[in-house]
Amino acid sequence: MSIFVDENTKVIYQGLTGSTGRYYGNLNKAYGTQVVAGTHPKKAGTDVDGVPIFASVREAAEATGATATCIFIPAPGVQAAVLEAAEAGMELVVCITEGVPAHDEAYFFNKLKAEYPGTRLLGPNCPGLISPGKANIGITAGHIAKPGGPVGIVSRSGTLTYQALYELQQKDIGVTTCVGIGGDPVPGTSFIDCLEAFEADPDTKAVMMIGEIGGSAEEEAAEYIKNHMTKPVSSYVAGVTAPPGKKMGHAGAIVSGGQGTAQAKMDALKDAGVQVGLNPTEAGELMADIVAGL
Amino acid sequence: MQYGAANCWNTVRLNTVHSALQRTTETNTGLGGTQVDLLEYQGKQFFASYGIPVSDGEACTDVESAVAVAERVGYPVVVKAQVHTGGRGKAGGVKLANNVDEVREHAGNILGLDIKGHIVKVIWVEIASDIAEEYYASFTLDRSAKMYLGMLSAEGGVEIETVAEENPDAIAKIHVNPVEGLSEEACRAWVEAAKLNPAATDGAVDILMKLYTAYVEGDADLVEINPLILKPTGEVHALDAKVSLDGNAVYEHPEYAEYDLTQPRDEREDAAHDKGLQYVGLDGSVGVIANGAGLAMSTLDVVNQVGGSPANFLDIGGGANADVMAGALEVINDDKNVKAIFINIFGGITRGEEVANGIIEAMGRVKLDSPIVIRLDGTNAEEGRAILEPHLSDALMMEETMLSAAAKAVELAKA
């Protein structure tokens, strides 16, 4: 099995008519994802490489039975796009777009939480998620992921997600689902949401978690792992050497006032029984040992 | 694309998937990681635009205009260095002046002063305030609660971190749901919980409601007043201003562009910024180029683990075409501390041969002083390495893994 998406998930692409949306929509479709529709308020009735375009998410969902959307809309339009998807009853909204203002993120996170609890938002500023061999929603390169399991991956960083997939592929280890939760201050889906889903998924036997500096998401995940996870976890936290007060690329990656350091996160994870590697390769090796012992 | 003054801090990350999205917007939505820190005088102007009372004053860049401001607002005045660092008072960057001679003397001394490596180019001259009590007030995002966090304390004028550590009960906190906003009723209860002087209650509620509006409508990451003062006459007033704005929100605030000119950046960071690169200057000897923020951070970690020290953080984004790579190499080559360059690329969607061709072309354009060590992995890595193979020399080396490449680069940097 996999978490959140599989071969039956029908996906609408908001922004399919744009060059980026079209490019990744096509890649995702070629991977096997059920790319059933795109949306554009003024281009209803047309198609993008055979995928029909509807005026709204609601109309697209009614016509196709889709339950998920993937957002490739420029940052100023993201809030409206997320709310439109939630109002149309989408169960999963994957937002790839980077550069969304933090106040917008805080607003639609709380709006969804209060009024659309059935909608799971992933991102913004994330690579999306892939259930290898079944569905790939977003910008992950599908061929670096080996299907099957037994490992689930959750990561805050795009390229380190790829690195993790690749490390496991090199070791001939399969992945059930790999979720990139994104590096922004208010991610729609948290580490804990993913850990919970992996814990419940019978095919996932172990979890690899890639964190980075900033915030306290890793510490909260460590607390969750300590109290609720029966499956083994390996981890890596990027940014041990990041200087305080400087944002390291991601809006969320900043050590401020002594909070959010990689060391504190690694200590919390170790304390929760997590196998912590000092670099992605080491975390991959630790996972290989875990898998060998399953 | 133009990198003029109007949008020069609003450059996009080149050649990334995400920036491709940004480029489709009419006004660029800026860097994913940009922080826009305001100087005190900019913060005060920002506050004033939301109706928050601040002291009458002006920013000056020379002694004569400082004198003119003092003559206008009346004595005594405070002359304050405008730099992006704390400890201004201890460094002699904040002085009280009772007359024109003292203004002339202090302004002359403070302009050009070096405060922790920041040279003072601008001073703020304002009318001095009588202070009965000093408080602290701020709004920021509580990432854990995913809501806004307001903090208010009767113990102002000192670092809030110190108060939080030594006397946490002295800070009254309020969580505000962004969907619901802050009601005046909730604000009043919060002020009462902070146990300020009752004489300050009405004034504090008024300022905090305005501060909340400034925080939300201004798209700020942080708004902080420390100290927020109660005057002997009963008015409440913002005596200082610390404001950080969210660079991602610049499309909603074109006026933010002017703050770009006063952002704290060293020469290297300026050069990288002009090229639209995600760069943070560090003080080591191994120049680092990587694709993706996480991988770039990880590269710094690995360089450290093998006993070296990185000269910078540099994320060139998802791809690695010749233009971006050449720009990155130029910035790193201009850093005199750099003794070796470590290029760490993981091809995802971008294929290894594209990366390799980009590197070769860029090396042809930039005359480098330091050797390069490349680690190329991921999609079509074999093909990419085959392209690099014939170019390998003492100036361009290749390693199989991130760790061995880091070790090689560190060895070269130390040689």
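**Exercise 1. At what angle do helix α5 (residues 158-170) of chain A and α9(B) pack, and how far apart are their axes?**

Step 1. α5(A) and α9(B) pack at an angle of about 75 degrees, and their axes are 5 Å apart. Axes are lines fitted to C-alpha atoms, for helices over the stretch in contact, and angles run from 0 to 180 degrees between N-to-C directions. Helices (H or I, at least four residues) and strands (E, at least two) are DSSP runs, numbered from the N terminus.

Step 2. Angles under 35 degrees count as roughly parallel, over 145 as roughly antiparallel, 65 to 115 as roughly perpendicular and the rest as oblique. The two helices, α5(A) and α9(B), are therefore roughly perpendicular to each other.

Step 3. On the α5(A) side, Thr159(A), Leu160(A) and Gln163(A) make the contact; on the α9(B) side, Ala293(B), Gly294(B), Leu295(B) and Ser298(B) do. Contact means heavy atoms within 4.5 Å.

Step 4. Sorted by class, the contact of α5(A) with α9(B) has 3 nonpolar, 4 polar and no charged residues. Ala, Val, Leu, Ile, Met, Phe, Trp, Tyr, Cys and Pro count as nonpolar, Asp, Glu, Lys and Arg as charged, and the others, Gly among them, as polar.

**Basis of the values.** The model is predicted: local features need pLDDT of at least 70 and side-chain atom pairs pLDDT 80 or more, while totals for chains, interfaces and linings use all residues. Residues are numbered from 1 along each chain as its sequence is written, chains are lettered from A and ligands numbered from 1 in the order in which they are written, and side-chain values use heavy atoms, with hydrogens and water left out.

**Exercise 2. Describe the interface of chain B and chain A.**

Step 1. Chain B brings 59 residues to the contact and chain A brings 66 residues.

Step 2. About 5100 Å² is buried between the two chains, with 60% from carbon and sulfur atoms. Buried area is the accessible area (1.4 Å probe) that two parts lose on being put together, summed over both.

Step 3. There are 0 salt bridges between chain B and chain A. A salt bridge is a side-chain nitrogen of Lys or Arg within 4 Å of a carboxyl oxygen of Asp or Glu.

**Exercise 3. Which residue forms a salt bridge with Arg156(A)?**

Step 1. The partner is Glu218(A), with the closest N and O atoms 2.6 Å apart.

Step 2. Arg156(A) is in the loop between β10 (150-155) and α5 of chain A, and Glu218(A) is in helix α7 (residues 217-228) of chain A; the pair links distant parts of the chain, 62 residues apart.
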